[in-house]
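Here are my notes for you, written with the structure open on screen. Have a look at it first, then read on.

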Amino acid sequence: MSGDGSLERLRRSGRIVVVGASLAGLRAAETLREKGFAGTLTMIGDEPYEPYDRPPLSKQVLLGKAVADHTALPRRRRIDADWRLGVPATGLDMAERVVRLGDGTEVGYDRLLIATGVRARPWPNEEEGALGGVFVLRTRDDAVALERSLAAGPRRVLVIGAGFTGSEIASACRERGLPVTVAERADAPLVGALGGVIGAVAAEMHRENGVDLRTGVMVTGLEGDPSGRVRAAHLSDGSVVEADVVVVSLGAMRNTEWLAGSGLGAGPRGIACDAGCRAFDVRGIVTDDVYVAGDVARSPHALFGYQFLSLEHWGNAVAQAETAAHNMLSESSDRRPHLWVPAFWSSQFGVNVKSVGVPSMGTEIMIAQGSRDERRFTGVYGYQGRVIGAVTFDQCRWLPFYQRMIETTAPFPLEFPTVDRRSEGNKPMDADFPDPSVPTHGPTITLSGYSPADRRMTFVPAHH
Amino acid sequence: MTQAILREIIAYANRADPYPLYEELRKTPVSHDADGPYVVSTYYEIQSLLHDPRISSDSRNLKSAADDPLAPDDAGEAALPPSFLKLDPPDHDRLRRMTNRPFGPPHAPHRVHDMRGELAGLVSGLVDGIVETGTPDRIDLVDQFAYPFPVSVICRLLGVPHEDEPRFHVWAEAIAAGLDPDPDADPADRQKGTGGARMELGMYLAGLIEERRKNPGQDMLSQLATADGPDGAMTTMEVLSTSALLLIAGHETTVNLITNGMLTLLRHPDVLARLRDDAGLAVPIVEELLRYEPPVQLLPQRTTLADIEVAGVTIPEGASLWLILASGNRDPQRFENPDRFDPDRRDIQHLGLGSGIHSCFGAPLARLEAQLALSELARRLENPRLLEDPPPYRQNAVLRGPRHLHVACDGIRP
């Protein structure tokens, strides 16, 4: 490829296809044009809308303070693209370099960027999930439907799952004065992301704000009334919650089913790619013309032990899209690794929660500044003697400092004094993350044949 | 060497153009001589320190009595407790939260925006006042415009009765003179004048605070005086030191922002013409001004709670630390062509209003004041030009700005 002019031909008249017309796809397209790509650009999106902002959907929109169709993403520049909206991608043929669409057409590419992101995990029982009043929240249409139901003043809302989105939905309900029950399988909200020490603070915040928080329970079934509307939920502890609105907030699923049989290393955890965003195929060999960015990407991060990270973060989607776009138009010596330090924010019960790094890798946590009782503090996570993450409650201006500590592999525990150090910050505590020995969802590979030429890998899709 | 450059930066002879000295300083991002302060002059290092929880703004944490050329004249302030500007969390956070309740989001999200009409009226009135002097061929934009405007704004914000505003102007001038030491003046005379104004201002504010406690209005002082939220109540002394801070800090910095703004625009008549044609340009112009000519040139009152390594230099615990914001704003490692005034910059994340927890409290109001002031002056002054360039500067090296800005124009548009 190098030196033969093919890159220049690509820039001038090549075909780049972006599957996923959301934040990552849009920013990649803008970056491609900004970097001088003059060829054909096709944007494929399964929703019928141009790219819009998702974080407000679980905050301002649910509070009735913003209208979902006013969440369109601002454009940095024109991208002169052929937009194929409202039509899902259904297949990829890497040998033919073609993306198949749900309307039966095909789009050929010289370079492909996959940015199909995630969708909300639905309620596992399809019939129960189809009852009126049962919602998930990920898309603009989801937000419109849910906000309309909340505005109608339900007698009780049940939120299943107390992760970030579930907690934000519960917060919005309480701010609207609606009775809300939250059912969470773990011992506290947010424990998967931030551990039990912070989860305990989150639990208190829920209860102080009037949430009927049930932890250590699962919802075993949803019951409908004769008209097909949800009426009640049955919990694993034997109790029954009568609710006329149920929001299923069980996390996200990567949108990778359309890639089944394509040969890409795609599965429920996302599409594996290298640090430069080039997708791996199922043999673990990197492709030259398929790139991945955003929530659907799983890439190794040098700062975090080269672990493959899959990040559902707004900032990551932007940064990775820009890196992918840069690399799509670059000689290999000019390619960049994606080195964005993960950062995430949430707004719950009037508190700004923001984190940097990968707290979930941490084994210990230290309250370096502020006080958990006051709900204003900075928690720093340590892993094998180094700072690996930090979280702030209403103290996010300090985070650039801790991000720098993560970037410089600073030692943990912190030995230096800071402003606002309280007695609880004098020594680290166990971060109290759940036991990680849970069943894997990864794919299974079987091998057949004996000689190298006969060796075949068969990809067995994972069961959800 | 550092000490020599610092002396030169503070020397009045360099007030009109300290930037070559900042460039010299940046050759050593963190510099230090003998007993002087540690001086940080590069953008990324300053930005990093502004977000560092090992940095204290409380002078009680200073350990070494540094040979500080700007050692503040604290006599006049001894009676008041420190304002939140000079405190560390959690005390800073508490006072700042309480001060913010009647000023900004989430409790008062419209306070600044709702003042827009009133501010526009003040600006227009001041320009009309220039018309009434009948001498557009010699206007002092400081005395006739940039100086009185922010004082009136803060009086409105604090709910000072209209008839008492002139007294505030007198006190503000006297206190500002104290921040602006004339090397030829007798220090005792200066201190007496400043102290007198401070005492009168303090007595006036204390009386006003008591009156507002009994009869609260919609103004900010009433809300500070009667606050009873989750952070409790402010003591009278706390209300006093906070309102004095708002008055002085809000006044001094905004005068400089507006004056430096007009000076810069008059030196760049093409940008002035664009602003006349499009008042919306005031927004990027003000941001670029905050980078190019920040009203607060340096922060000379930080110290360290621990030994801190910055750019290979270890700053010991308790050391005096100066952050030269204006130098960071011209750092070529951070800004392309940093010495060029360019309101079309796409990336304008400057240090002009500080950063971190001590970022400028009144920034939203200051920005709005400057935007309205500059766009109105651009619209109404016909063919304005400088009569003196450089103009005479105030003595103050920290709050740097012209003392007078003499301008001629052909007339005042209606």
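Predicted model: local features only at pLDDT ≥ 70, side-chain atom pairs only at ≥ 80, totals over all residues.

1. On the secondary structure side, chain A comes out with 8 helices and 31 strands. Its radius of gyration is 23 Å, close to the 23 Å given by the globule rule for 464 residues, so chain A is as compact as a globular protein of that length.

2. On dimensions, a box of roughly 65 × 65 × 55 Å along the principal axes holds the C-alpha atoms of chain A. Of its 464 residues, 53% count as buried. If you look at contacts in chain A with a separation of 6 or more, 63% of them join residues 24 or more positions apart.

3. Now the surface and the charges. Chain A has an accessible surface of about 20100 Å², and carbon and sulfur atoms make up 49% of that. It carries 51 positive and 56 negative side chains, with the centres of the two sets 4 Å apart.

4. Over to chain B and helix H13, which runs over residues 269-277. Which of its residues are buried? B:Val271, B:Leu272 and B:Leu275 are. Down the axis of H13(B), the buried residues fall within an arc of 105°, so they line one face of the helix. An α-helix has 3.6 residues a turn, so residues three or four places apart point the same way.

5. What sits on either side of H13(B)? The cover over its buried residues includes helices H12 (236-267), H14 (282-292) and H16 (363-380) of chain B. The face turned away from the buried side carries exposed B:Pro269, B:Asp270 and B:Asp277.

Terms used. Residues numbered from 1 in each chain as written. Chains lettered and ligands numbered in written order. Heavy atoms only, no water. Helix = DSSP H or I, 4+ residues; strand = E, 2+ residues; numbered from the N terminus. Rg over C-alpha atoms; globule rule 2.2 N^0.38 Å. Buried < 20%, exposed > 50% of the residue type's maximum accessible area, 1.4 Å probe, protein only. Contact = heavy atoms within 4.5 Å. Areas by Shrake-Rupley, 256 points an atom, 1.4 Å probe, with all protein chains shown as cover. Lys, Arg positive; Asp, Glu negative; His and termini not counted. Charge placed at Lys NZ, Arg CZ, Asp CG, Glu CD. Arc of directions from axis to C-beta.
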